[in-house]
Amino acid sequence: MSVDVVIVGAGFAGMYALHRMRQAGLSVRVFEAGDDVGGTWYWNRYPGARCDVESMQYSYSFDDGLQQDWSWTEHYAAQPEILRYAGHVADRFDLRRDITFGTRVTAAHFDDATRRWTVRTAAGDVETRFCIMASGALSAARLPNIPGIESFAGPAYHTADWPRDGVDFSGKRVGVIGTGSSAIQLIPVVAEQAASLTVFQRTPNYSLPARNAPMKPEHETHWKQNYPALRQRVREEMRSGTLYEYSPRTARETEAAHRDEEYEARWNRGGINFMHSFNDLMVDADANHTAAEFVRAKIKATVRDPKVAAALCPTDYPIGTKRICLDSNYFETFNRDNVTLVDLRATPIEAVTPTGVRTSEGEHPLDALVLATGFDAVTGALLAIDIRGRDGISLRDRWGEGPRSYLGLMVSGFPNLFTITGPGSPSVLSNVIHAIEQHVDWISDCIAHLDAENVATMEADRDAEDRWVDHVREVANGTLYPAAASWYMGANIPGKPRVFLPYIGGMNAYRKICEGIAARGYEGFVLTTKEPHHA
Ligand code: NA7
């Protein structure tokens with residue numbers, strides 16, 4: 001088979017890319033490992049899975065009919081509803097006919113002579129001019145390297161590979177390893193069903209109340225009546241691809257009492273907006289400390305057992321530098337009689353045994369195990385594919401000391417290969433659907449330009465790429481983010497280079513940079529023209 005464009009992945013990025021490429025008159029084939037569309041929302045079916053961007057904004061903006069017709073039932077949509085939305089989009093734009101499901105891409109090799117890519121799958125090879133990697137930033141699930149993990153006799157589930165028919169934990173002694181965002185969503189729900197729940201925590205996390213609720217009709221109407229203007233405002237003014245109330249004030253210069261009033265008001269309204277209470281929280285350690293202290297006081301006021309409360313309080317990294325979590329009754333859940341917190345810093349795991357988890361303190365008997373242990377973020381899914389560019393050079397080698405990319409969109413030496421929400425782009429620091437739309441629109445305009453100018457290949461210029469990588473690092477180093485051993489830094493994967501993976505300059509600023517580069521004739525890219533046709 002030979003096509004103009006191969007797209008890897010049929011999540012929100014792959015679906016929109018397919019739609020745009022098709023509109024441009026290109027032939028497209030999408031490969032997707034899952035049996036249907038939805039990407040992260042297809043795989044992450046664990047109880048309590050929910051988006052932490054509000055529904056009216058965590059949705060496509062490219063088609064007004066779509067955004068007017070679809071109704072969200074909750075302020076923050078749960079996984080089943082988001083998956084239904086993905087399915088609706090696939091139906092509405094008749095996407096599935098160009099998607100090969102149940103098929104993982106294993107390799108993509110560029111041929112210098114033909115200037116085409118060969119994409120390898122279990123279903124055979126496909127030749128293509130362009131490759132679009134829509135393989136997701138949080139899609140390569142990671143199993144913990146704990147001795148004996150294979151020996152557990154009961155069922156074990158990773159949150160990102162959850163059985164389609166769900167799991168009944170009634171009457172079971174359940175263990176959860178991990179206390180990241182996935183665990184924080186899952187724990188309150190499983191605690192209500194299981195006979196007992198044992199939470200194995202290595203690093204406590206900061207979590208804010210979501211205050212999720214059924215969709216308020218007036219909120220939905222407000223958004224639907226003003227979508228064009230509101231989306232435009234997000235595009236122009238918002239760092240994070242989501243409409244938040246960014247404060248113009250610093251915490252440092254605000255009196256303690258007023259500061260706490262602001263935190264309290266935002267805590268009570270719920271959501272990530274709390275993190276925008278002041279504009280210096282992510283750049284000034286003292287300012288950050290005031291927000292962290294506020295959250296620690298809330299944890300201590302919520303959790304009745306002071307020892308458990310203390311163990312749940314993060315103390316050794318600034319708030320927000322590991323992905324901030326949103327929850328519904330997470331800390332409250334530790335007041336239940338059937339929930340036990342095991343602080344792995346005090347009593348580390350020694351092994352998983354056939355009947356439970358053994359820590360330095362003894363065995364915790366379990367019937368079922370949940371691994372909420374996260375992902376090889378941002379680069380994991382790309383490097384799982386054997387990608388080879390010019391002269392057979394592999395992406396794995398090129399990125400041996402950390403990812404190098406121009407704008408998070410293209411890599412030098414890998415012509416005509418685009419990454420969506422790739423390393424060096426705002427990616428996971430933005431409302432991801434918003435970031436996806438910006439990338440896909442830019443790529444689609446770019447391909448139209450290449451065709452109009454008779455261009456055969458385009459790739460990042462090595463110097464421009466180096467400058468961008470330096471810029472990404474400098475901007476990150478101007479913040480508190482690198483202070484935490486987070487998955488943003490690759491720190492959760494043994495041996496992964498410590499590089500701040502996303503671009504933190506803001507989605508609005510990033511969009512302008514990309515637009516400027518395109519307007520200046522794709523500055524920083526190397527374009528080679530096709531040989532003229534001979535009559
Ligand atoms: P995260 O945020 O990476 O959380 C993984 C959790 O698992 C975290 O608490 C880890 O502790 C813990 N973990 C990992 N390995 C181990 C071992 N070996 N022993 C004990 N604990 C371990 O993943 P999530 O799925 O929760 O969330 C990822 C993102 O997806 C989220 O931010 C949203 O954007 C969506 P650690 O902190 O490493 O000490």
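Loops and the domain contact

Modeller: Asn329 counts as partly exposed because its relative accessibility is 46%, where buried means under 20% relative accessible area, exposed over 50% and partly exposed in between, with a 1.4 Å probe and protein chains only. The model is predicted, so local features need pLDDT of at least 70 and side-chain atom pairs count only at pLDDT 80 or more, while totals for chains, interfaces and linings use all residues. Residues are numbered from 1 along each chain as its sequence is written, and side-chain values use heavy atoms, with hydrogens and water left out.

Asn329 sits in the loop that runs between β11 (325-327) and α10 (330-333), these elements being DSSP runs numbered from the N terminus (helices H or I, at least four residues; strands E, at least two). Its phi is near 65°, which is positive although the residue is not glycine. Most residues other than glycine have a negative phi.

Leu407 also has a positive phi, near 65°, and is likewise not glycine. This residue belongs to the loop between α12 (395-398) and β18 (417-419), and Leu407 counts as buried because its relative accessibility is 0%.

A further loop residue is Cys313, placed between α9 (306-312) and β11. Cys313 is classed as buried because its relative accessibility is 5%. If its neighbours within four places in sequence are left aside, Cys313 is in contact (heavy atoms within 4.5 Å) with Pro204, Arg296, Ile299 and Lys300.

Turning to the whole chain, the protein is divided into domain 1 (2-140 + 376-529) and domain 2 (177-371), with bounds that come from an automatic or database domain assignment. The C-alpha centres of domain 1 and domain 2 are 28 Å apart, and 46 residues of domain 1 touch 43 residues of domain 2. Between domain 1 and domain 2 an area of about 3800 Å² is buried, and carbon and sulfur atoms give 50% of that area; buried area here is the accessible area (1.4 Å probe) that two parts lose on being put together, summed over both. Of the area that domain 1 buries against domain 2, Asp52, Met56 and Leu480 supply 20%, which is more than any other three residues.
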